[in-house]
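Please open the model in a viewer and keep the selection panel at hand.

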2 protein chains.
Amino acid sequence: MAFLVRTLDELAALSGVSRATVSRVINGGSVSEETRARVTEVLERTKFRPNAAARTLASGRSGVVGVVMHLSPHLLFQDPYFTSLLQGLTDALAHQAAGMMLWLGNRSKEETLDQILWMRLLDGVVVTADHLDDPLVDGLLASDLPTVLIGHRRADRDASYVDVDNVAAADVITTHLLDIGRRRIGHITGRRGTVAGEDRIAGYLQAMARSGVSADDLIVDGAFTAASGREGARELLDRGVDAIFCGNDATAEGALESIRARNLSVPGDVALAGFDDVGFAARLDPPLTTMRQGVQEQGAEAARALFHLLRHRGGGPRRVILPTELVIRRSTVGETKGGRPP
Amino acid sequence: MAFLVRTLDELAALSGVSRATVSRVINGGSVSEETRARVTEVLERTKFRPNAAARTLASGRSGVVGVVMHLSPHLLFQDPYFTSLLQGLTDALAHQAAGMMLWLGNRSKEETLDQILWMRLLDGVVVTADHLDDPLVDGLLASDLPTVLIGHRRADRDASYVDVDNVAAADVITTHLLDIGRRRIGHITGRRGTVAGEDRIAGYLQAMARSGVSADDLIVDGAFTAASGREGARELLDRGVDAIFCGNDATAEGALESIRARNLSVPGDVALAGFDDVGFAARLDPPLTTMRQGVQEQGAEAARALFHLLRHRGGGPRRVILPTELVIRRSTVGETKGGRPP
DNA sequence: CCTAGGCTTGAGAGCGCTTCCATCGCGTAC
DNA sequence: GTACGCGATGGAAGCGCTCTCAAGCCTAGG
């Protein structure tokens, strides 16, 4: 076991060069092949690791990025949307050899913001921006900390973000319902006040209007939950609908239960569509037509966007709109046996 | 908007005191009431925040702790055990105003260990120690980084850990099955090589032996998954059992499916017991008898143990064994209508 | 009146690293 | 032979904070 080396100076003495040269070897500065080899040998033999705090202090970079998902951990960990996002993020960040600090909704947004900015330790941050009104997101954008949003509000046009086009996607799926001949198409919205929820309403209305079909009385408020889907579906069925487009898949799952409870068939009596294509969508009975958005991919893309930002300081913002894909299953097209049609 | 103050020196100049005094005000040193008030006023007016890297470098403490759960994020995020653990941890850590860095199984254990020790930025670390053989855990324990384990191996007797007594708990639940008159009690184990899995086998065997009942041919290997429960139950049913104790609740869920598939009744033909009492256990049909361990509480307790360690450097290790509770539901005692008996 | 002791405060020495700048040596061009 | 350019290297100045030490002041006791 080699003598425990704790500082660059000690390492430098062992290699017979100056501290500056060792630093160059570690950080990829210009060093002659010979010197580099010698220092590298000592580096490996002693398993020396530079002190992160010192290097952060001297360089202003830490190699640590923050991930902020400000919602109750209880909700977060059982929502496949957020866990997939987190999964995509952790993968991409690990790939970039960056450390990750995590902030969830354990404290108020103000406290969280304060703590993040307080430490001035992060190189940048990825934050979910799903609510129209969010002081945490506003605070991060207003700070000088490089920030990438997942989702974005109207006001965030100049920020860096990763998102999908919820309006267009909702239009496509509503149009699909119209295409299969439905006219009384109800919509159980996502949680009001969220960007995704409002945009999907807009897309739904847009498709309905284009087809000259009235949407009066066909919208009920949901909350991205199965419970709100059960409730919403009951209401819509009372009003007489032949199709329901739900704010997300969990909502559709709930709606399906209510439809079943009335002994109505899907899609015979009521066609059903969700949004997200999370894992269980394909396993419902009947399998659910939905709009696939690569949530994990969104997380990974956000991480990539952040690294792009960090590498090109002063460059413009980076905006990524990821594609969505209509996945048609038997909840709307009963004839097709499972899977996607050709 | 006040002038942006970035260093203690600037803040000191503004308050008419020295940098040292400002540092004392921030860190709770001894300062006269009058001076403290004056500095505090400036502190709040300027919204000054000390630089975390500098303070870490100077003091050797960062206020950041690591959480290491080295398993595939894919598995982690859909296993209620790990998400509950994470939830308990994040809550307790946020409560202590500590930052949290997270490492999951995105890279090899060796790389992860290397990265964690590399940065020398953490005050301490909480790590899940569920496998008998784990170089990551060994490496952390061997380092000088204060470490708290969740779960522990025989060899970890001298480490700090939070755990439950799996042997005793498995004994209790097996004894319960014996008490209700079952003799051919099968056990579908947890994943072999995990501490919990092996200990629960030991507890099961211990109870069987004490009652003088043979356990020959009544143990089949499981993997803490529903799939392994389905498989294992089929095998045990072939061998003729009147009860099955499963390594965890997910396994029991799978076993229940297989029992049902053979038109056998629970608990009439076969009594069924799980372990953990995760959310869905009470929602199965019939509701599942299981051993409740407060997983979220384990996470919180681990965080507390770590802070104890940090406050009492040089003190001994801190070991916490949390209680478990037998929750009797209708999968073993058919007469009782739901819930726990008096 | 002098001294001991307690409390507050400032000076200053690091913490371990990055990075600018000056120096050195060498090869090439004139 | 001299001048110049260029890559490699070392010296040293910080980065912003903590914390020890000593000085200064005041009170109380002898």
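Begin with the loop between helix H10 (195–210) and strand E7 (219–222) of chain A, where A:Asp217 is placed; helices (H or I, at least four residues) and strands (E, at least two) are DSSP runs, numbered from the N terminus. Although A:Asp217 is not a glycine, its phi is positive, at about 65 degrees. The model is a predicted one, in which local features need pLDDT of at least 70, side-chain atom pairs count only at pLDDT 80 or more, and totals for chains, interfaces and linings use all residues. Residues are numbered from 1 along each chain as its sequence is written, while chains are lettered from A and ligands numbered from 1 in the order in which they are written.

**Two cis peptide bonds**

Select next the loop between H12 and strand E9 (271–273) of chain A, which holds A:Pro267. The peptide bond from A:Val266 to A:Pro267 is cis, with omega near 5 degrees. In chain B, move to the loop between strand E9 (271–273) and strand E10 (290–293), where B:Pro286 is found. The bond joining B:Asp285 to B:Pro286 is likewise cis, with omega near 0 degrees.

**Two helix pairs**

Return to chain A and display helix H11 (residues 226–239) with helix H12 (residues 249–261): their axes come within 6 Å and cross at roughly 50 degrees. Axes here are lines fitted to C-alpha atoms, for helices over the stretch in contact, and angles run from 0 to 180 degrees between N-to-C directions. H11(A) is therefore oblique to H12(A) (angles under 35 degrees count as roughly parallel, over 145 as roughly antiparallel, 65 to 115 as roughly perpendicular and the rest as oblique). Residues that make the contact include A:Gly229, A:Ala233 and A:Leu237 of H11(A) and A:Ala252, A:Ala255 and A:Ile259 of H12(A); two residues are in contact if their C-beta atoms, placed from the backbone, lie within 7 Å.

In chain B, select H2(B) and helix H3 (residues 33–46), whose axes come within 10 Å and cross at roughly 85 degrees. This angle makes H2(B) roughly perpendicular to H3(B). B:Thr21, B:Val22 and B:Val25 in H2(B) meet B:Thr35, B:Arg36, B:Val39 and B:Thr40 in H3(B).

**Between the chains**

Colour the two protein chains separately: 29 residues of chain A are in contact with 29 residues of chain B. On the side of chain A that touches chain B, H6(A) gives the largest share, six residues. That side consists of 16 nonpolar, nine polar and four charged residues (Ala, Val, Leu, Ile, Met, Phe, Trp, Tyr, Cys and Pro count as nonpolar, Asp, Glu, Lys and Arg as charged, and the others, Gly among them, as polar). 100% of the interface residues of chain A are also interface residues in chain B, so the copies meet through the same surface.

Chain A is superposed on chain B by a rotation of 180 degrees with 0.0 Å of shift along its axis (RMSD 0.1 Å), using least squares on the C-alpha atoms of residues with pLDDT of at least 70 in both. The two copies are thus related as by a two-fold rotation axis.

**The DNA strands**

Finish at DNA strand D, which is surrounded by 26 residues, the closest being A:Ser18, B:Leu8, B:Ser23, B:Ala54 and B:Ala58. The surface near DNA strand D has twelve nonpolar, ten polar and four charged residues.

Methods: Near = placed C-beta within 6 Å.
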